[in-house]
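Please have the viewer open as you read.

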Amino acid sequence: MMKTANYGAIRRNNIYLHDLEDGIRLEGEVSPCVFMYPGYPLQVTVTLRRHTGESLGVAYAVDRALTVQTATDADVARLLSAIQATQCSRCSEPAFDPSTVETTRGGLCESCYVGDLDAELAKFTEAENRRLANRDRRMKVKGMKVRVSAWIHPAAGGDDYQSDWYFAARPTPTQIRKLLGEEGSSTFDDFQVINL
C-alpha cells in the first residue's frame with residue numbers, strides 16, 4: 001500500500017480567515033492541543049475581529065469526527081463558515097452567535113461579558129475581605145497581634161491555595177518557612193505578615 005501526502009492537511013500556526021458582514025472577520029487557528037495529543041478532535045480557536053484588527057472575543061469550533069490525521073484546510077474553512085456574529089443583547093456591539101459556535105458568552109460581546117465577570121469578582125472580593133476582617137477582629141480580641149497569609153504551592157502538585165496563621169507575637173521567617181514546609185509547599189517565600 002502506498003501512502004500519499006495530504007496536501008490539504010492542517011498545519012500548526014496556519015491562520016484561516018473568513019469575512020462576515022460590516023467589516024467583521026473571523027480569524028481561526030487550529031488549537032495546539034490538536035497537534036499535541038493523539039486522537040484529539042479538530043478544534044479551532046476562533047477570534048472575532050473588527051476591520052481594524054481589534055479582537056472582539058474568542059470562541060472554539062470543534063468537529064469531534066476529525067483529528068490531526070484526518071482534518072484538512074477545507075474542514076477548518078467549513079467550521080469557520082458556519083460561525084456567525086450577532087449584536088450583543090446588551091449594547092449592540094458584535095458578538096459570537098451562540099447558536100453557531102461553542103461559547104460561554106451567551107450572546108454578550110466581550111466587553112459586556114468581562115464587565116459582568118469583573119462585577120462578580122468585585123462582589124466576591126468584598127465579601128471575602130469582610131469575612132477576613134471579621135476573623136481578624138475576633139483573633140485580636142483573643143490576643144493575637146499578627147496574621148501571616150501565605151500561598152501554599154504543593155510540592156506534590158495540584159492547585160495552589162492560601163493559608164492564614166495568627167500569632168501573639170511577630171514570627172520569624174524561619175518559623176514561617178517551617179509552617180510552609182509542614183503544609184507541603186515547594187515555595188517558602190510567598191507570604192505576607194499583617195499587623196492586626
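## About the model

This is a predicted model, in which local features need pLDDT of at least 70 and side-chain atom pairs count only at pLDDT 80 or more, while totals for chains, interfaces and linings use all residues. Residues are numbered from 1 along each chain as its sequence is written, and side-chain values use heavy atoms, with hydrogens and water left out.

Helices (H or I, at least four residues) and strands (E, at least two) are DSSP runs, numbered from the N terminus. Two strands are said to pair if DSSP finds at least two bridges between them.

## The four-stranded sheet

Let us begin with an open, antiparallel sheet of four strands, ordered E1-E2-E3-E4. Strand E1 (15-19) and E4 are the edge strands, each with a single partner, so one side of each is left without a neighbour in the sheet. On average, neighbouring strands here are turned by 25 degrees against each other, direction ignored. For such angles, axes are lines fitted to C-alpha atoms, for helices over the stretch in contact, and angles run from 0 to 180 degrees between N-to-C directions.

Strand E3 (residues 42-49) deserves a look of its own. Six of its eight residues are buried (under 20% relative accessible area; exposed is over 50% and partly exposed lies in between, with a 1.4 Å probe and protein chains only), so E3 is largely enclosed by the rest of the structure. Strand E2 (residues 25-30) runs antiparallel to E3 and is joined to it by six bridges, with Gly-28 opposite Val-46. Strand E4 (residues 55-63) pairs with E3 in the antiparallel sense over seven bridges. Here Val-46 has Ala-59 as its bridge partner, and Thr-47 stands opposite Val-58. E3 and E4 form a hairpin with five residues between them, and Gly-53 in the turn has a positive phi of about 100 degrees.

Seven bridges link strand E7 (residues 146-152) to E8, and Val-146 faces Phe-167 in E8.

## One aromatic pair

How many aromatic pairs does the structure hold? There is one: Tyr-37 and Tyr-40, 6.2 Å centre to centre with 40 degrees between the planes, which makes the pair tilted. Rings of Phe, Tyr and Trp (its six-membered ring) pair if their centres lie within 6.5 Å; planes under 30 degrees apart count as stacked, over 60 as edge-to-face and the rest as tilted. Tyr-37 is partly exposed at 45% relative accessible area, and Tyr-40 is partly exposed at 29%.

## Pocket and cavity

The search uses a 1 Å grid over the protein atoms alone: a cavity is a set of points where a 1.4 Å probe fits but cannot get out, a pocket is an open set with protein on both sides within 12 Å along at least five of seven lines, and lining residues have an atom within 4 Å of a point. Grid points are joined across faces, edges and corners, and a volume is the space filled by probe spheres set on the points.

The largest pocket has a volume of about 250 Å³. Its lining includes Asp-19, Glu-21, Gln-84 and Pro-94, and the largest share, three residues, comes from strand E5 (residues 85-87).

There is one cavity of 30 Å³ or more. The largest cavity has a volume of about 40 Å³, with Leu-48, Phe-96, Arg-105 and Cys-109 among its lining residues. E4 and strand E6 (94-96) are the elements that give two or more residues to this lining.

## A distance to finish

Thr-125 is found in helix H3 and counts as partly exposed at 33% relative accessibility. Thr-125 and Ser-185 are 60 residues apart in sequence and 25 Å apart in space, C-alpha to C-alpha.
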